[in-house]
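Colleague: Could you walk me through how to read a few features in a structure, starting with charged pairs?

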Amino acid sequence: MTDDPTDADRDALIDAAREAAARAYAPYSGFHVGAALLLRNGDVVTGANVENASYGLTLCAETAAIAKIANEGWIGDLAAVAIVGGRPDGAALAGAEAVHPCGRCRQILNEAAEQSKTDIWVHCASGDGTTVESYRLSDLLPAAFGPKDMGLVRD
């Protein structure tokens, strides 16, 4: 999937992110975000945003999912990510604009991508599924600072 994702593979990852977004804890903003990480072995790990009354302590969906793979020892196995967000409308998420990772999450995704030695695909989708934009991480975070700059990853 990392070289040229099929629509079916991309859509399955987006669906997993949408399911994760439905489990978000977002009582303050009401904006639910889900992330789904595709690992090299085909497994999918998800995360959802977790808000906090002290806004600075809020966790983004991408951060929650990356923490899961790091804690399992899979930080070097990331192949792709899908992100979905919007305001819940019953069981579905409503919204027509694709949700993109914030700057902090781009940096966190870069850490795992460099450990994986892959310029991962980042699929950004709207809550209602009408808009999908796919990028390479290097297009979203050009000239990134990461493990390679610290001598921790060698090509």
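Modeller: Gladly. A salt bridge here is a side-chain nitrogen of Lys or Arg within 4 Å of a carboxyl oxygen of Asp or Glu. Please keep in mind that this is a predicted model.

Colleague: What is the general idea behind such a contact, and how many salt bridges does a search of the whole structure find?

Modeller: Side chains of opposite charge can pair when their charged atoms come close. In this structure, the search of the whole model turns up five salt bridges.

Colleague: Let us take Arg-10. With which residue does Arg-10 form a salt bridge in which the closest N and O atoms are 3.5 Å apart?

Modeller: That partner is Asp-7. Both sit in helix H1, residues 7-21, and because they are three residues apart there, about one helical turn separates them. Arg-10 also forms a salt bridge with Asp-11, where the closest N and O atoms are 3.0 Å apart.

Colleague: Is Arg-10 buried or exposed?

Modeller: Buried means under 20% relative accessible area. Arg-10 has 19% relative accessibility, so it counts as buried. Asp-11, by contrast, is partly exposed, with a relative accessible area of 32%.

Colleague: And what is the salt bridge partner of Arg-18?

Modeller: Arg-18 pairs with Asp-15, and their closest N and O atoms are 3.2 Å apart. Again the spacing in helix H1 is three residues, so Arg-18 and Asp-15 are about one helical turn from each other. Arg-18 counts as partly exposed at 22% relative accessibility, and Asp-15 is also partly exposed, at 39%.

Colleague: Let us move on to aromatic rings. How many aromatic pairs does the search find, and how should I read the geometry?

Modeller: The search of the whole structure gives one aromatic pair. It is formed by Tyr-28 and Tyr-55, with 5.9 Å from centre to centre and 80° between the planes. Planes over 60 degrees apart count as edge-to-face, and this pair is edge-to-face.

Colleague: Where in the chain do the two tyrosines of the pair lie?

Modeller: The pair links distant parts of the chain, its members being 27 residues apart. Tyr-28 is in the loop between H1 and strand E1 (32-39), while Tyr-55 is in the loop between strand E2 (44-48) and helix H2 (61-71). Tyr-28 is partly exposed, with a relative accessible area of 40%, whereas Tyr-55 is exposed, at 57%.

Colleague: How does the lining of the largest pocket divide by class?

Modeller: The lining of the largest pocket has seven nonpolar, three polar and five charged residues.

Colleague: And what does the second largest pocket look like in terms of space and lining?

Modeller: The second largest pocket holds about 150 Å³ of space. Its lining has 15 residues, with Val-33, Asn-49, Cys-60, Ala-61 and Glu-62 nearest the centre. By class, nine residues of the lining of the second largest pocket are nonpolar, four are polar and two are charged.

Conventions: Residues are numbered from 1 along each chain as its sequence is written. This is a predicted model: local features need pLDDT of at least 70, side-chain atom pairs count only at pLDDT 80 or more; totals for chains, interfaces and linings use all residues. Side-chain values use heavy atoms; hydrogens and water are left out. Ala, Val, Leu, Ile, Met, Phe, Trp, Tyr, Cys and Pro count as nonpolar, Asp, Glu, Lys and Arg as charged, and the others, Gly among them, as polar. On a 1 Å grid over the protein atoms alone, a cavity is a set of points where a 1.4 Å probe fits but cannot get out, and a pocket is an open set with protein on both sides within 12 Å along at least five of seven lines; lining residues have an atom within 4 Å of a point. Grid points are joined across faces, edges and corners, and a volume is the space filled by probe spheres set on the points. Helices (H or I, at least four residues) and strands (E, at least two) are DSSP runs, numbered from the N terminus. Buried means under 20% relative accessible area, exposed over 50%, partly exposed in between (1.4 Å probe, protein chains only). Rings of Phe, Tyr and Trp (its six-membered ring) pair if their centres lie within 6.5 Å; planes under 30 degrees apart count as stacked, over 60 as edge-to-face and the rest as tilted.
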